[in-house]
Each structure stands twice: as C-alpha cells, then as structure tokens.
There are 2 protein chains.
Amino acid sequence: MKIVDIRERSVTLASQMRNASIDFSKMTASVVAIVTDVVRDGKPVVGYGIGSNGRYAQGGILRERLIPRVVEAQPEDLMDETGGNFDPGKVLTCMMQNEKPGGHGDRAVAAAVIDMAMWDIIAKVEEQPLWQIISDRFNGGAHDERVLVYPGGGYYYPGKGLEPLQDEMRGYLDKGYKVVKMKVGGADLDTDLCRIEAVLEVVGDGSNLAVDANGRFSLEDAIAFGNAVAPFGLFWFEEPGDPLDFALQSKLSEHYAGAMATGENLFSLQDARNLILYGGMRPDRDWIQIDPALGYGFSEYLKIDEMLTAQGWSRRKQIPHGGHQLGFNMAAGMQLGGSESYPLVFQPWGGFADDVDIVDGYARPHDTPGIGIELKSTAYRELKTITET
Amino acid sequence: MKIVDIRERSVTLASQMRNASIDFSKMTASVVAIVTDVVRDGKPVVGYGIGSNGRYAQGGILRERLIPRVVEAQPEDLMDETGGNFDPGKVLTCMMQNEKPGGHGDRAVAAAVIDMAMWDIIAKVEEQPLWQIISDRFNGGAHDERVLVYPGGGYYYPGKGLEPLQDEMRGYLDKGYKVVKMKVGGADLDTDLCRIEAVLEVVGDGSNLAVDANGRFSLEDAIAFGNAVAPFGLFWFEEPGDPLDFALQSKLSEHYAGAMATGENLFSLQDARNLILYGGMRPDRDWIQIDPALGYGFSEYLKIDEMLTAQGWSRRKQIPHGGHQLGFNMAAGMQLGGSESYPLVFQPWGGFADDVDIVDGYARPHDTPGIGIELKSTAYRELKTITET
C-alpha cells in the first residue's frame, strides 16, 4: 500500500469582488490529486485536495519541498499501526521534515492541500464518508444529521448598490439558508450601516446576520463599529482587527458584548493557542474559525481541537472558515457549531455537493466514500484532468 | 527613475550539518537582482538581495505574486517624496497588495529578499554605504565604528566529536572573534554538557559562549537545561522552546536568571509585538534576534524597532539573526547590539566582506556604496550572473 503519485496544479479563484482587506482579481489556489495503489471498485483510490481561498496557490512549496519528501518516504513510514490504511499525521510529519518551527504561513497552506487529499484517501480506503470516519475516530461514533451552514457573501463589487446586495441575500434565503454573512470595513461606517440595514430588511433580524471586517479595523474603529452595530444583535462580528493582534481582540471584548468570531488567518496550533491565551475570546459566546484547509490540514486541526477542549471550549463554538467539504465533514463528524459555505463565490471550487439540500439553514451530510468532492461535478470534472495529463 | 527588471534565482545552502530542529541537506535560499535605470559610474544601478538561511528559497511566491506587483506598479508609486530615490516602504506595500493579514511565513521570507535589494539600491543611488544611510535617516547621524559580531557555529555534523568542535572554535578565535555560539538540544543533556565544557576550555569563560536550542525544548527540558548551564554564566541561551510558545518563554524566565535570546522565527511586527507583550522577555538582559532578511526586510524591521523602543527596549539589545551584511549595516547604522556572522557556514552566501577585519570580536563597517555584497567576491561572482542570462 503506497502513494504512487502526487500531482498539483494552480487554479484560478479570480473575481471582481473584494473584502475590507484584499481584492480577488488574481486569487489562485492549489489543488492536488494523490494516486495510491489501493484498489476500490476496480480502480486505484485517488484523493483530492482543494486549497481554501484567500492565500493563493502554493505550487513552489509543494513541488520543491513538501511533495518530494512524501514521495521519497518509505511507504511503511506513512502507514497507520494496522498497516491497512495511511496515517495522515505521519504524512504531515514527513512533509515538515527539516522545516523550522514558527513562520506558519504559505507552508501551512501548501501542507493543508496534501493533508485534505490524504483524509479523502483514508475515507475512500475504508469506503466511508469522511464525516463517518471522523465520528468513529474522534467523536465516539456520534455525529450530526444536519450541519449549520451559512453563506460567506456580501462582498464588495465595483458599482454594487444596495439592491444587488439585497438580491444576493434573498437568493441565499431562497436556497434554504437562514444565517447569512456580509463583508464590512471596506467602506466608511455610514455606508456599511446602510448596507447592514438593507440586508436586515431581507433577513429580518440581526440574529440571522454575521458581519466580517477581515482584520481591517484599528481598536478605535472596531470599538466605534461595535457600538454602532450593537443594537442589531448580530450573529457575530468577525475578525475585527489584525488576526495576530491579540491585545486588540482582548480589549475589544471589554467594549463589545455581542458574539465575535476569528481564527481563519491563524494556521497552527501555536497561533491558535496564543489566540485563546491572550485574545480574550469568550467561550460562552465567541466562535473559533480556524480553517483546516489553510493551516496544515485536519491533522493539525485535531491538535487545535484538543487544545480548545482543554481550554474549556465547546466544539459547538468551532465553525471552520473556507466553505469547503472538509469543514462540512468535520462539522458533521465532530459535532462542531457548523461550517461556512460558498454557494456563489470561488466557483467551481467553493460550495458543497450539487444536490446538497439546505433546509432552515442546515445541510445533511453525504453518504458516498471520501470527502465528497466527486459530488461537486464542476470541480470534479477539472480535478480529474490532473491525473490524466 | 524606475525598476527595469527583477530577476530571482534559487541557490543551494546545502550541507551535512544540523541543529536541534532541522538538517541542512536540502537547504536553499532565493537571491534577487533588481536592475534600475539609474546610472552611477556609467552603469545601471543593480541592487542585490540574498535570502537568509533556514527557510528555503521562495521562487514560487516571488514569481507568481511579489515580483509582478512591483514590476506592474507605476514608477511614481515606488518613489520617495523627493522623487530622487526609491522608497522601499512603498515597494513593500506594493508587494503586499491583496495579501491577507496574518500567516507571516514564506511570504515574509520572499518579500525580505526584494526589500534587501531595494535598500542596496537606495544606498547605491546615494553613493553611500547602507549603514551611513541608516544612520542618517534613522539614528540622527550617529553610528558605530565597530560592530560586535559572533559566529553562528557549533553545529552537529555526522561523526563530529569534541576535538573538531574545539578546533572550530579555536578557528573563530584565531579569526578575531571573542564571543562564539554553538548548537545545543540536538543531543541528550549529558552529551551537550560535555560539548559545552569542551568549548569552554577553548573560549575560556561562559561570557564568551552563547548556546542555541533552535526551539527544540519543552518547558520541562528547557528548565532542566537552564539549571544545568546556569553555573557557566553563558552569554545567552537562545530559542529554548517553540518560537511562538510565548507562555513557555515567559515561564522559563522565572527559572533561568541568565540572558536569553530569541526572535529569528518571528517574521512580522505583529509576531514580534506578541513576543514582547507575552513572552516575558527582560529588557535588562535578554536579546531580540529578529532577522530582517526573513521577515519582510529592513522596511518591516523599522516598525519592529519602533515598537521595541516604545516598549522600553534599548537598541543595544537587538542583534539580528542571519549573519548577512544587511544585519551588519543595521547594527553599525542604528547602533544595535551587534550582528550574527557566518565565517564558515552557508558559503558562499554567509559572511561579510572578504577583507573584513575582526579584532577582539568587533568588525568595522565597509566604505563602499550599498550593502557591500560586491565585497564578498564568491557571492558576487554568482550574483552577477543572474542579470547576464
């Protein structure tokens, strides 16, 4: 049982949209296909990994450092104790050979794509959906029959007025979503308040609306924004300041009593632990959004989950960023708070299965082996070509 | 006045040596040459940047993200207010367009190489050594006539016994060094203590010896090691634990009264500030080793310097990691505590000018325009070829 080939490719996530921090005009991501010699249904098991959005493709790091280490490893060094399946934790250790500690940035993004494909393989070898594997291994066999999903949307587009924003949100409700998210901090406060009020006209109540500043605010701006939106009772106020400015986050929690959320730009156990130790996050109301597809994968996330639990955090306050099927499987199998979702943006890579049915803001997990990438036809059509060339 | 071309190349830093965290068998770094249309001495001014060691070449990020942004920028957006020279701060801002906050890893390493070349250009346009530019702009015209330098050495090599280690250290003393550094944490405590005692036989006193654990120790191991070496009165105990484990660093400072040093794996203002806020570092004795050639360059370092000063740290407690001429120029021009030095390792890229004269552990800055890369003939010979192909 061994890895036969690892292929990577950069794909475009380009669009005209922007958040408060960046535009996506040249956004890319890495995708990988890992071919094994394990045969299921008469074909070799192939695992797929799709990079999350916002941090660009990592072809250089994949080709020059991470992939050669895995391909050159002894097969037995990548197996689990039974010898009947791979061990993604060992694959991650292998990828991180001769990598110094600290500096968890693009390297973490690159490793995460490989790790996602490895977990896809694990589940396909076992002929189980990944959420079932996660449930059995890490949640005592329990899982959720439905997962809270919310669309990450409400981006700024050139010339986009309030009506298109309302139309976008109406579209989410029509699809079955209940809680929606919109970007803030990319305009002045008055403009953003108008945008928020316009969306509230559609979604009805602040408890159905999360806002995301993408790390743009100073403490002063974050406090002013928080004061202005406090009466709305929003679902959460996300990434108010720089994701590493734990002092800002901590001070803001003294001013903003509503729920806050952050974590998508923290890519390691060490960074996540510092958020919990120094960021003043409140386990009774705040949300942790670490994205496994940006931060060394689900294999690293398991250590973060362990740390969060040890620090008194419920899994129900974890809600991974990224709107990918890995986060969705984790939410179902570990009974997390939910998962982000991208029904419209980052196509064809964002979003879940083609036939995913969203009812009252919840979606049901799939029942095919693996992460379920094959169920998203536009993405799968492109992914398949990686191993054909 | 504009940038005509930016060329990058990956070079090898491979060797058989290792520290407690990694081996250098496949170590690489990026080097760049930035060609301008400014003419000095009848030739276009070319700036060179050499990546620091330990974090690999970053060709993918340079080619796909950072270099295109700079090359596609309007020339006036990269100029200083006088229009008579470039503004590296603006070049860094340009490189960081559409880059999300947080995740300061490989991207920071890539940006640093460009930034180094930009500062080389600044000084060459002004026909001054870089340390003079730094002195005039950021230190009220004051500078040091001599800079404390110490060799980063004492690595583990296969089969290297105590005698070769002592010979290595004798070699440093013969070259004029006084304080030397050796790796620890890559062997058991008893073995490392034997190695330390062997080196002390050569350098005479603990105040001439720094030790570097490269982030390897748990808190328990770090305390045990600290207790064992405390009687030696070492120059410093470097990077005892994971560079982002500020809680470990802080707790260790309650147990180890001697000087400690860390920072080489923190690549941004945000990470450096968190070290100062949460790491328990003591301004009266500890050392800050942020490496500008790994962390977005000298342009980012200036913000870190400002933060350190605001937090009550003397510039004399800053001593950049990396053994490169940028750190040396900074130490002379800003009157820092000194600079690391690599007379033996990472050749031909490590080390200073060929004719650098080290007396009593101090070296004198150069008097040619720029960083001084042309004064290191083996490196310059290879760098020149980048613009010739």
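Select F237(B) and, with it, M260(B): in this predicted model, F237(B) stands opposite M260(B), a residue of β8(B). Now extend the selection to residues 236-238 and 260-262 of chain B, which are strands β7 and β8. These two strands run parallel and are joined by two bridges. In general, the strands of a sheet pair through backbone hydrogen bonds, in either a parallel or an antiparallel manner.

Next, display the whole sheet to which this pair belongs. In which order do the strands of chain B follow one another? The order is β5-β6-β7-β8-β9, in an open sheet of five strands with parallel pairing. To find the edges, select 180-183 and 287-288 of chain B: these are β5 and β9, each of which pairs on one side only.

Turn now to chain A and colour residues 3-127 and 137-376 separately. The domain assignment gives the former as domain 1 and the latter as domain 2. The C-alpha centres of the two domains of chain A lie 24 Å apart. Their contact takes 32 residues from domain 1 and 35 residues from domain 2 of chain A. On the side of domain 1 that touches domain 2, select β3 (43-50), α2 (88-95) and α3 (106-126) of chain A, the elements that each give two or more residues. The largest share, 10 residues, comes from α3(A). Colouring this side of domain 1 by residue class shows 16 nonpolar, 10 polar and six charged residues.

Finally, show both chains together and select the contact between them.

Chain A can be laid on chain B with an RMSD of 0.0 Å by a turn of 180 degrees and a shift of 0.0 Å along the axis. This is the relation of a two-fold axis. Of the interface residues of chain A, 100% are also interface residues in chain B, so the copies meet through the same surface.

Conventions. Residues are numbered from 1 along each chain as its sequence is written. Chains are lettered from A and ligands numbered from 1 in the order in which they are written. This is a predicted model: local features need pLDDT of at least 70, side-chain atom pairs count only at pLDDT 80 or more; totals for chains, interfaces and linings use all residues. Domain bounds come from an automatic or database domain assignment. Two residues are in contact if their C-beta atoms, placed from the backbone, lie within 7 Å. Helices (H or I, at least four residues) and strands (E, at least two) are DSSP runs, numbered from the N terminus. Ala, Val, Leu, Ile, Met, Phe, Trp, Tyr, Cys and Pro count as nonpolar, Asp, Glu, Lys and Arg as charged, and the others, Gly among them, as polar. Two strands pair if DSSP finds at least two bridges between them. Copies are superposed by least squares on the C-alpha atoms of residues with pLDDT of at least 70 in both.
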